[in-house]
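Welcome! Here is a short tour for anyone meeting this structure for the first time. Have a look at the model, then read on.

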Amino acid sequence: MLASPLFVDIRRGAVADLAGLLHRRNISTDGRVLVAVGPGQGEQIWARLRTELPRADRFVVAGANLAAAGELQAALGARAALPMVAVATSLAHDGLCSPVASLEHPHGKGSFGVAMPIGVVVDLDHVRAAPPILVRGGIGDVISNLAAIEDWRLAERERGEQVDGLAMAFARNAAEAILHRDDSIDNDDFVTTLAESLVLSGMAMAVAGTSRPCSGADHEIIHAIDSLYPHTAGHGELAGIGALFSYFLREDEVMVDLVARRLAQHSLPRTPADLGLSEEEFVVAIREAPATRPDRYTILEHLDLDEEAIRERVKGFVDRLN
């Protein structure tokens with residue numbers, strides 16, 4: 001079992017209080033920390049922190065790729081036992097608190113195990129400053145937990161795969177906290193709940209020791225689209241449509257209607273056309289999806305559809321939503 005975060009701080013102005021937070025939590029009483037910043041708002045955060053944490057060092061992360069991850073690991077290695085506190089500036093996916101990271105490599109993207117932070121800080125002021133899609137994307141990612149849980153239960157029934165009830169409870173509660181809300185990212189309370197849900201998703205994976213409670217056929221579809229059609233959409237946007245298609249394959253009309261309604265409410269993709277893909281391109285992605293995670297058993301592996309059957313299902317899916 002992986003360790004869960006020790007604290008979560010979600011509020012406006014949280015970054016301004018980060019130095020005090022580190023001291024109060026006895027994380028770095030002398031201010032010696034390594035601050036990893038990325039593109040976007042990272043430099044703004046560093047400009048604020050450098051005056052409050054004069055002994056801090058800055059590490060610039062060029063992007064979410066293996067090279068940057070390796071460089072960061074080397075930098076951390078030179079500063080043994082330094083704790084990591086994640087400071088989120090967007091809510092696009094559950095990676096802000098996760099034991100798994102999706103990183104780019106020369107052949108596409110892959111999932112890799114990473115250390116969990118000991119704390120998560122979400123500054124709503126910085127979240128508000130990010131493009132809205134970097135907030136809405138997290139909605140699709142957290143809702144997809146429910147489809148992933150269905151796949152995990154299916155693997156338990158069909159293959160005897162062991163499931164973890166606490167991990168599933170975390171993942172389910174995270175998803176349902178968002179799925180049944182009628183408000184939007186314009187509301188601070190909604191954004192706070194979304195941040196909490198994304199953290200809870202990360203904790204679900206930490207408890208399970210695997211991404212299973214938050215990753216099923218929906219994420220196989222994500223990996224296939226990322227590989228075949230790079231930069232089509234963000235992770236959370238793809239997770240939402242992946243979950244929706246999974247429920248369509250299960251012939252769960254209630255969940256198809258509910259998930260489709262929520263995705264539409266938040267202007268998230270529901271059909272291949274919304275992603276800028278043709279039906280045939282989506283067919284190819286569904287065909288290739290199981291190969292992205294050969295260790296997983298999901299509704300895709302269970303149905304084991306041939307290409308013509310996939311084509312028929314995709315057409316039915318598009319007709320159902322149009």
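Let's start with a pair of helices in this predicted model. Helix α5 (residues 133-143) and helix α6 (residues 145-159) have axes that come within 4 Å and cross at roughly 20°. Because angles under 35 degrees count as roughly parallel, α5 is roughly parallel to α6.

**Where α5 meets α6**
- On the α5 side, the contact is made by D141, V142 and I143.
- N145, L146 and A147 are the residues that α6 brings to the contact.
- By type, the residues of this contact divide into 4 nonpolar, 1 polar and 1 charged.

**The nonpolar cores**
- The largest nonpolar core has 70 residues, and those with the most contacts inside it are L91, V122, I225 and F245.
- Helix α10 (residues 235-249) gives this core its largest share, 9 residues.
- Leaving aside residues up to four places away in sequence, F245 touches I221, F282, I286, R313, V314 and F317.
- A second, separate core has 14 residues, including L21, L22, I27 and W46.
- As general background, nonpolar side chains tend to be buried together in soluble globular proteins.

**The chain as a whole**
- You can find 14 helices and 7 strands in the protein chain.
- Of the 322 residues in the chain, 50% are buried.
- The protein chain exposes about 14200 Å², and carbon and sulfur atoms supply 50% of that area.
- Among contacts between residues at least 6 apart in sequence, 74% join residues at least 24 apart.

Technical notes. Residues are numbered from 1 along each chain as its sequence is written. This is a predicted model: local features need pLDDT of at least 70, side-chain atom pairs count only at pLDDT 80 or more; totals for chains, interfaces and linings use all residues. Side-chain values use heavy atoms; hydrogens and water are left out. A nonpolar core is a set of buried Ala, Val, Leu, Ile, Met, Phe, Trp, Tyr and Cys residues joined through side-chain atoms within 4.5 Å. Buried means under 20% relative accessible area, exposed over 50%, partly exposed in between (1.4 Å probe, protein chains only). Helices (H or I, at least four residues) and strands (E, at least two) are DSSP runs, numbered from the N terminus. Contact means heavy atoms within 4.5 Å. Accessible areas come from the Shrake-Rupley method with a 1.4 Å probe; for residues, only the protein chains shown count as cover. Axes are lines fitted to C-alpha atoms, for helices over the stretch in contact, and angles run from 0 to 180 degrees between N-to-C directions. Angles under 35 degrees count as roughly parallel, over 145 as roughly antiparallel, 65 to 115 as roughly perpendicular and the rest as oblique. Ala, Val, Leu, Ile, Met, Phe, Trp, Tyr, Cys and Pro count as nonpolar, Asp, Glu, Lys and Arg as charged, and the others, Gly among them, as polar.
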